[in-house]
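We will walk through one protein chain, stop by stop.

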Amino acid sequence: MTARAGEVFETGRAVSDVEALLVAPVPTAGPTTDGTEVEGDPATGEWTATSGAGFRIVPLWESGDLVGVYGPEWNEAEEAAEEQLARLVAELDRRWGAHRRVSMRVPLFRKQAGEPMPALFQALCDADCYGDLTVWGPLSADPRWIAVSVNQSDGDAPMIMTAAVSDRPITELDDQPIT
């Protein structure tokens, strides 16, 4: 699924990846790219990034294959992914101060209903990244917001930890659709 498949999670590497994302350029306009077609690994086609107007999303880590993993083993895999995210969040809190949570509940419902939403949230939904976001910002002189999350797109899919940078505030969406 991602170019991070098979890598062992390392908090220090994840922090470095997030810090690099914070200073990397983001498109100011234009359509959202599909990471597998435009920004995929040339050898494997696996997802490496998704970019759109004002944002970029990258995978930080992908768990092992969970096909046929059920019950306690599946719970252990989920808990391990959440613990890795918690270690990353703790280190980023230490660097940038307290984070805030942004729920993906409204974007999920909007996607299911075919309702419009901001491009960053649409791209997260299109990539099946429905994990609630842990957000810091604004950071840096040219304000940037950083978000990290972990989730699984379905019962057999691996857990995927992602990071997003945005030059626009990442805030909770209202229950009312954009018109």
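The tour goes from the whole chain to the sheet, then to ring pairs and salt bridges.

**Before you click**

This is a predicted model: local features need pLDDT of at least 70, side-chain atom pairs count only at pLDDT 80 or more, and totals for chains, interfaces and linings use all residues. Residues are numbered from 1 along each chain as its sequence is written, and side-chain values use heavy atoms, with hydrogens and water left out.

**Stop 1: the whole chain**

Select everything and colour by secondary structure. Follow the chain from the N terminus and the elements come in the order α-β-β-α-β-α-α-β-β-β. The radius of gyration is 16 Å, close to the 16 Å that the globule rule gives for 179 residues, so the chain is as compact as a globular protein of that length. (The radius is taken over C-alpha atoms, and the rule is 2.2 Å times the number of residues to the power 0.38.)

Turn the model around: along its principal axes, the C-alpha atoms fill a box of roughly 40 × 40 × 35 Å. Of the 179 residues, 43% count as buried. Buried means under 20% relative accessible area, exposed means over 50%, and partly exposed lies in between (1.4 Å probe, protein chains only).

**Stop 2: the sheet**

In what order do the 6 strands of the open sheet lie? The order is E1-E2-E6-E5-E4-E3, with antiparallel pairing; two strands pair if DSSP finds at least two bridges between them. Select 50-52 and 100-102 to see the edge strands, E1 and E3, each of which pairs on one side only. Neighbouring strands are turned by 25 degrees against each other on average, direction ignored.

Zoom in on E1 and E2, which run antiparallel and are joined by 3 bridges. Here Gly52 stands opposite Phe55 in E2.

Next, bring back helix H1. This helix packs on the sheet, touching E2, E4, E5 (144-152) and E6 (159-166), and its direction makes about 170 degrees with that of E2. H2 packs on the sheet too: this helix touches E2, E4, E5 and E6, and its direction makes about 165 degrees with that of E5. Contact here means heavy atoms within 4.5 Å. Axes are lines fitted to C-alpha atoms, for helices over the stretch in contact, with angles from 0 to 180 degrees between N-to-C directions.

**Stop 3: two ring pairs**

Rings of Phe, Tyr and Trp (its six-membered ring) pair if their centres lie within 6.5 Å; planes under 30 degrees apart count as stacked, over 60 as edge-to-face and the rest as tilted. That gives 2 aromatic pairs. Show the side chains of Phe9 and Trp61: they form an edge-to-face pair, 6.2 Å centre to centre, with 85 degrees between the planes. Phe9 sits in the segment before helix H1 (11-23) and Trp61 in strand E2 (residues 55-62), so the pair links distant parts of the chain, 52 residues apart. Both Phe9 and Trp61 are buried.

Then select Trp96 and Trp136. Their ring centres are 5.8 Å apart and their planes at 70 degrees, so this pair is edge-to-face. Trp96 lies in helix H2 (residues 71-96) and Trp136 in strand E4 (residues 133-139), so the pair ties together parts that are 40 residues apart in sequence. Trp96 is partly exposed at 22% relative accessibility, while Trp136 is buried at 1%.

**Stop 4: salt bridges**

Side chains of opposite charge can pair when their charged atoms come close. A salt bridge is a side-chain nitrogen of Lys or Arg within 4 Å of a carboxyl oxygen of Asp or Glu, and the structure holds 10 of them.

Select Glu7, which is partly exposed at 31%. Glu7 bridges to Arg4, with the closest N and O atoms 2.9 Å apart, and to Arg13 at 3.8 Å.

Finally, select Arg94 and Glu91, which meet in a salt bridge at 2.6 Å, N to O. Both lie in helix H2, 3 residues apart, about one turn of the helix. Arg94 is exposed at 60%, whereas Glu91 counts as buried at 19%.

Terms used: Helices (H or I, at least four residues) and strands (E, at least two) are DSSP runs, numbered from the N terminus.
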